[in-house]
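I opened my notebook to look up a few things in this model. My notes follow the structure below.

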Amino acid sequence: MGGLLPLTAREIKKWYRNPVYLIVGLLQPVFWIILFGSAFDISKFGGPFVSSFFNGAPDYITYMIGGILTITGLFTGMFSGINIIWDRRLGILQRFLVSPIKRSSIVFSRILASVVRIIVQVIILIAIALVIPNGLRISNSFTVIDALIMVSTVLMISFIFSSIFSIIAIRMTRMETIMGITNMVNLPLMFASYALFPPDLMVSWLSTIAKYNPVSWSAESIRLLIIYGSLNSSQMAQLGTYLLYLFALTVAMIVLVYFVAEGGIKE
C-alpha cells in the first residue's frame, strides 16, 4: 500500500517522542497487576482446590496476566481511532487525502502503530509481574515458541479492536463521540469475558456471552501457555481453536478496513 510505511513511522515517532503517553498507558494495567492481583490471593481460599477453578494457576497474578495483557491490547487498540479524528480536526488528514497515497494506508498506519506500542507494553508488564513479590510464575516448560504465540495473540486482539474503532472514527468529526463509545464498551468487553475470572465463577448467562467474546479467546490462549507451557492434546486443541478464531477475525478486519477506508474516508 502506497504510503503505509512512512505514515506508520510518523505515528510511532509521535509516540516515542512523548514518553508521558507510554507511562499513562501503563499505569492502569500496572495497578491491576500490583493492587488487584496481589489483593486477591487464591492460595488463601483453599489452596489447590480453589486453584483448580483458576486453571491450576499458583496465584491470581499468574491467572490474570493473560487477561491484563489482552485488556491492554484492547484499550490501546480502542484509542487508535482517536488519532484519525485528531488529524482531521488539525487539517492533517486533508493533506494526506490530496497526496498520492491510498486512503486505506492512512487507517492501517494507525492500526500498525498501535500494534507496535502494545509490544513494548507487553514486555514491560510481564517484567513488572515477574519482579513483584508473589507475582507471575511461568511454567518451567514455557518455550520461545510459546512466547511468540503469546505475543501474536495480543497483537491480533489489538489489531482487531484497533480496526473496529478506526472504522468507527472514519466518518466522525467529534472527539467526544468516539471517547463516549470507547468508555461505553470497554468495561462490558472486559467483564463479559474470561479475562479476570473463570467461567465456573460466573452466572450461566454471562459465561455464555463470554464464550463468544474475542477477549476471552485471547486471555485463555495466553493463560494456557503461561500456566502449562507444554500442553496436552486437549489443551492444544483448545488453544488452536482460540487462535483460529482470532486469526479469522483479524483477516476479516483487514478486508473490512480496506474497503471502508477506500470508500468512506473523507475530509
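**Entry 1: a helix pair**

I looked up the crossing of H4 and H9, and it is right-handed. A crossing is right-handed if the near helix is turned clockwise from the far one by less than a right angle, and left-handed if anticlockwise. The model is predicted: local features need pLDDT of at least 70, side-chain atom pairs count only at pLDDT 80 or more, and totals for chains, interfaces and linings use all residues. Residues are numbered from 1 along each chain as its sequence is written, and side-chain values use heavy atoms, with hydrogens and water left out.

Two packed helices are described by the angle between their axes and the distance between the axes. I found H4 at residues 60–78 and H9 at residues 175–191. Helices are DSSP runs (H or I, at least four residues), numbered from the N terminus. The angle here is about 165°, and the axes are 11 Å apart. Axes are lines fitted to C-alpha atoms over the stretch in contact, and angles run from 0 to 180 degrees between N-to-C directions. H4 is therefore roughly antiparallel to H9 (the term covers angles over 145 degrees).

Which residues make the contact? From H4 I listed Ile 71, Leu 74, Phe 75 and Met 78. From H9 I listed Thr 182, Val 185, Asn 186, Leu 189 and Met 190. Contact means heavy atoms within 4.5 Å. I sorted these residues into seven nonpolar, two polar and no charged. Ala, Val, Leu, Ile, Met, Phe, Trp, Tyr, Cys and Pro count as nonpolar, Asp, Glu, Lys and Arg as charged, and the others, Gly among them, as polar.

**Entry 2: aromatic rings**

I searched the whole structure and noted four aromatic pairs. Rings of Phe, Tyr and Trp (its six-membered ring) pair if their centres lie within 6.5 Å; planes under 30 degrees apart count as stacked, over 60 as edge-to-face and the rest as tilted.

Tyr 60 and Tyr 63 are stacked, because their planes lie at 20°, with ring centres 6.2 Å apart. They sit three residues apart in H4, so about one helical turn separates them. Tyr 60 is buried at 1% relative accessible area, and Tyr 63 is buried at 0%. Buried means under 20%, exposed over 50%, partly exposed in between (1.4 Å probe, protein chains only). Tyr 60, Tyr 63 and Phe 197 form one aromatic cluster.

**Entry 3: one buried serine**

I found Ser 163 in helix H8, residues 144–169. Its relative accessibility is 0%, so Ser 163 counts as buried. Ser 163 touches Ile 111, Met 253 and Val 257, not counting residues up to four places away in sequence.

Key. Helices (H or I, at least four residues) and strands (E, at least two) are DSSP runs, numbered from the N terminus. Angles under 35 degrees count as roughly parallel, over 145 as roughly antiparallel, 65 to 115 as roughly perpendicular and the rest as oblique.
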